[in-house]
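I opened my notebook to jot down a few local features worth a second look. Have the structure up on your screen and follow along.

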Amino acid sequence: MPIDPAKAVAAEPRSAEISWDHKDVQLYHLGLGAGVPATDPDELRYTLESRLHVLPSFATVAGAGMGVVGGLSAPGIDIDLAAVLHGGQSITLHRPLPTAGRAVSTSRVAAVYDKGKAAVLVLRSEAADEDGPLWTSDASIFVRGEGGWGGDRGPSERLPLPDRAPDADVERPIREEQALLYRLSGDWNPLHADPGFAELAGFDRPILHGLCSYGMTLKAVVDTLLGGDVTRVRAYRTRFAGIVFPGETLRIRMWTGDGRVQVAVTAVERDDAPVLADTLVEHA
């Protein structure tokens with residue numbers, strides 16, 4: 001079997017120094033669609049260095065996402081990258097992210113689950129600077145065709161939607177060139193830029209990065225329900241339930257209660273096809 005679960009989980013963590021500055025943060029925010037309108041004081045917090053704050057989902061690209069890349073090349077893992085899907089993402093914030101910093105990012109395979117027709121790798125990345133921990137990030141990676149060895153199926157974290165109208169319902173357009181801009185933050189997969197590659201993967205045109213939808217959704221929650229205060233976010237998780245194309249529109253519905261915002265994200269132009277599901281923002 002190309003995945004040896006015991007060997008993968010037991011492997012020594014991999015560490016690397018990462019760094020970022022205000023330009024990396026601004027580029028990431030612009031890749032999420034920030035800056036419209038360009039002179040809006042609320043948007044300037046994402047785009048102007050003298051007012052800059054950092055959306056916590058920036059942790060997924062700081063240092064170009066070393067945790068996922070390192071995890072897929074860990075001992076005990078020998079897989080066809082064409083069989084890999086990003087199934088889910090979570091971040092736990094230990095304190096607000098600085099606009100510029102240096103940190104050590106340590107990545108490891110935290111778990112391997114047997115889903116029958118697929119394996120799920122939980123790739124954990126932990127970042128800390130000289131002042132202590134910054135964030136812990138878990139990426140759930142589905143590997144098609146690698147399950148069935150009789151291992152632990154892992155947790156099921158489905159979140160049924162509340163049986164009431166959402167507390168907020170907003171739409172966020174995805175610009176035609178947004179995937180081209182977002183990929184400059186470190187995800188160079190041609191699936192998001194090259195029509196020929198996208199066709200080979202089964203799509204009629206390039207698709208938006210799932211982590212771009214992830215960041216756009218968190219920005220909408222912060223701006224709509226958290227008073228624009230990124231420091232209130234404590235944790236954020238989602239399951240990638242479907243694709244979205246540049247030029248389409250995200251519909252983001254939010255339900256609040258007890259320090260949590262539950263979110264459902266769909267593609268407006270395709271009859272509200274699911275994009276993100278089981279999505280939860282925990283906040284102060």
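**Entry 1: what I am looking at**

I am working from a predicted model. I kept that in mind throughout.

**Entry 2: a cis bond**

I began with the backbone. Most peptide bonds are trans. I looked up the bond from Val-36 to Pro-37 and found it to be cis, with omega near -5°. I then checked where Pro-37 sits, and it is in the loop between α2 (22-31) and α3.

**Entry 3: two aspartates with positive phi**

Next I turned to phi angles. Most residues other than glycine have a negative phi. Asp-258 is not a glycine, yet I read a positive phi of about 55° for it. I placed Asp-258 in the loop between β8 (249-257) and β9 (260-267). Is Asp-258 buried or exposed? Its relative accessibility is 79%, so I noted Asp-258 as exposed.

Asp-271 went on the page next. Asp-271 also has a positive phi of about 55° without being a glycine. This residue belongs to the loop between β9 and β10 (273-283). I wrote Asp-271 down as exposed because its relative accessibility is 75%, and the cut-off for exposed is over 50%.

**Entry 4: Thr-60**

Thr-60 lies in the loop between α3 (41-47) and α4 (66-72). Its relative accessibility is 11%, so Thr-60 counts as buried; the limit for that label is under 20%. What does the side chain of Thr-60 have 2.8 Å from one of its polar atoms? I found the backbone oxygen of Ser-57 there.

**Entry 5: salt bridges**

Side chains of opposite charge can pair when their charged atoms come close. I asked how many salt bridges the model holds. The count came to 15, and I followed up a few of them.

The pair of Arg-102 and Glu-17 forms a salt bridge, at 3.1 Å from N to O. It joins distant parts of the chain, with Arg-102 in strand β3 (residues 101-114) and Glu-17 in strand β1 (residues 14-20), 85 residues apart. I noted both Arg-102 and Glu-17 as exposed.

I then looked at Asp-169 and Arg-251, whose side chains meet in a salt bridge at 2.6 Å, N to O. This pair too links distant parts of the chain: Asp-169 is in strand β6 (residues 168-173) and Arg-251 is in strand β8, 82 residues apart. Asp-169 is partly exposed, with a relative accessible area of 40%. Arg-251 counts as partly exposed as well, at 24% relative accessibility.

My next stop was Asp-278 and Arg-239, which meet in a salt bridge at 2.7 Å, N to O. Asp-278 lies in strand β10 and Arg-239 in strand β7 (residues 233-240), so this pair ties together parts that are 39 residues apart in sequence. Which side of the pair is buried? I found Asp-278 buried, with a relative accessible area of 9%, whereas Arg-239 is partly exposed, with 27%.

**Entry 6: a network**

I found Asp-204, Arg-205, Glu-248 and Arg-270 linked in a network of them.

Technical notes:
Residues numbered from 1 in each chain as written. Predicted model: local features only at pLDDT ≥ 70, side-chain atom pairs only at ≥ 80, totals over all residues. Heavy atoms only, no water. Helix = DSSP H or I, 4+ residues; strand = E, 2+ residues; numbered from the N terminus. Buried < 20%, exposed > 50% of the residue type's maximum accessible area, 1.4 Å probe, protein only. Polar contact = N/O pair within 3.5 Å; in protein donor to acceptor, adjacent residues only side chain to side chain. Salt bridge = Lys/Arg side-chain N within 4 Å of Asp/Glu carboxyl O.
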